[in-house]
Amino acid sequence: MIEILEENIKLFIENYGRFGPILLFFISSYLLWNKSNLLYYHTCGFFLCAILNLFLKGIIKDPRPLEDPTLFNIALKHSI
């Protein structure tokens, strides 16, 4: 029973975590709707950040680290 609950919580976090930045943008925009100056800076900053992020990722092109299950389990065991 606990395993099923843990699996459901994990799926919930994965599904909503994937859309976290989008949810944050819309919730922040809704809260700033009556403050047009702050909404303008928030929207410009959000899109500038996204564009800058894509630009820097294109320049740097650092590969992701390899996921070796043995090293991962050792790190978990020793709290690294």
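A crossing of two helices is left-handed if the near helix is turned anticlockwise from the far one by less than a right angle, and right-handed if clockwise. You're looking at a predicted model, where local features need pLDDT of at least 70, side-chain atom pairs count only at pLDDT 80 or more, and totals for chains, interfaces and linings use all residues. Residues are numbered from 1 along each chain as its sequence is written, and side-chain values use heavy atoms, leaving out hydrogens and water.

Select helix H2 (20–31) and helix H3 (residues 36–60). (Helices are DSSP runs of H or I, at least four residues, numbered from the N terminus.) H2 passes H3 in a left-handed crossing. Their axes, lines fitted to C-alpha atoms over the stretch in contact, come within 10 Å and cross at roughly 165 degrees. H2 and H3 are therefore roughly antiparallel (angles over 145 degrees).

Now show side chains: Pro21, Phe25, Ser28 and Ser29 in H2 meet Leu39, His42, Thr43, Phe46 and Phe47 in H3, with contact meaning heavy atoms within 4.5 Å.

H1 and H2 pack at about 60 degrees, with axes 5 Å apart. That makes H1 oblique to H2. Where do they touch? Tyr16, Gly17 and Arg18 in H1 meet Gly20, Pro21 and Leu23 in H2.

Terms used:
Helices (H or I, at least four residues) and strands (E, at least two) are DSSP runs, numbered from the N terminus. Axes are lines fitted to C-alpha atoms, for helices over the stretch in contact, and angles run from 0 to 180 degrees between N-to-C directions. Angles under 35 degrees count as roughly parallel, over 145 as roughly antiparallel, 65 to 115 as roughly perpendicular and the rest as oblique.
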